[in-house]
Amino acid sequence: MPAQPRRGDVIEIRAMIAHPMETGYRAGSDGQLLAHDLIRWFNCSLDSGNGKELVFSAQLFPAIAANPYLAFHLRANKEGTLHFSWEGDHSFRHTETAPLRVV
Amino acid sequence: MLPFTAAAHNQGPGRTLVSLERRHLVVVAMTGWLACARQVAAAPLPDDLAAAIAAFADGMPVREGRVSLDIAELVDNGNTVPVSVAVDSPMTEADHVTAISLFNERNPQREVAHFVLGPSAGLARVSTRMRLATTQRVVALARMRDGSCWSRTVEVIVTLAACVESEL
């Protein structure tokens, strides 16, 4: 994401996470199907001081490529902290934050 | 020896006959291919895909338009295919895109991803990378604030498929 957008600019936010996104439809070296291991949910929200506000969320299926990449947009009206979270199989959960500063 | 090659050595009318036959064959082949291509484009969506689209539309009619789906027409590697969906919308509080979904025709599951967005997005454009198990159609759908649904369908030819190869 851009370091310091001007107030009102539409910025592109790109998020990528290292994850195999194992589909459950693929055979392993022993010929048996590999168990699925997927990220199912992605969420991005902006905390500008008075609660979190949803920016973008995604439900992902096996047809999403490994190392899920998502790009979406936000009109930078408010400063705050962007919270990113990924949730998936086997209690997988990862969160990141990024400050959003506007000039 | 092939009959074509044998005949091509002949002089006079025999040779003309062969050329005509060849041309004829080409024309027949092309007509067949064109007919095929047209059939694919006009072919109705399979039941499960139509059902997935209907579930997204939630009773509203799905119209072609307002959605653009940017994906390569010819894909070398189906394991990771960049795809981008953009929707023609002012993205104001009164008129914005609330959801975008991607569906496929011939992967093991019809759904690819569901995206939720709101007026704060400013621009209704989402990009990701998807898997394609084989040559098939990809459908992008958008739901507007007023509940109306718009779609765009693109046919993608895949030379190396995802999902079929084993673990390395």
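This is a predicted model: local features need pLDDT of at least 70, side-chain atom pairs count only at pLDDT 80 or more; totals for chains, interfaces and linings use all residues.
Local features require pLDDT of at least 70 and side-chain atom pairs pLDDT 80 or more, whereas totals for chains, interfaces and linings use all residues. Residues are numbered from 1 along each chain as its sequence is written, and chains are lettered from A in the order in which they are written.

**View 1. The contact between chain A and chain B.** Chain A contributes 27 residues and chain B 28 residues, two residues being in contact if their C-beta atoms, placed from the backbone, lie within 7 Å. On the side of chain B that touches chain A, the elements giving two or more residues are strands S6 (111–117) and S7 (125–130) of chain B; strands are DSSP runs of E with at least two residues, numbered from the N terminus. S6(B) gives the most, with seven residues.

**View 2. Pairing of S3(A) with S6(B).** Strand S3 of chain A (residues 52–60) pairs with S6(B) in the antiparallel sense over five bridges; pairing requires that DSSP finds at least two bridges between the strands. Phe56(A) lies opposite Leu117(B), a residue of S6(B).

**View 3. An open sheet with strands from chains A and B.** Its five strands follow the order S1(A)-S4(A)-S7(B)-S4(B)-S2(B), with antiparallel pairing. S1 (10–16) of chain A and S2 (67–71) of chain B are the edge strands, each pairing on one side only.

**View 4. Pairing of S4(B) with S7(B).** Strand S4 of chain B (residues 81–87) and S7(B) form an antiparallel pair over six bridges. Val85(B) stands opposite Val126(B) of S7(B).

Technical notes
Helices (H or I, at least four residues) and strands (E, at least two) are DSSP runs, numbered from the N terminus.
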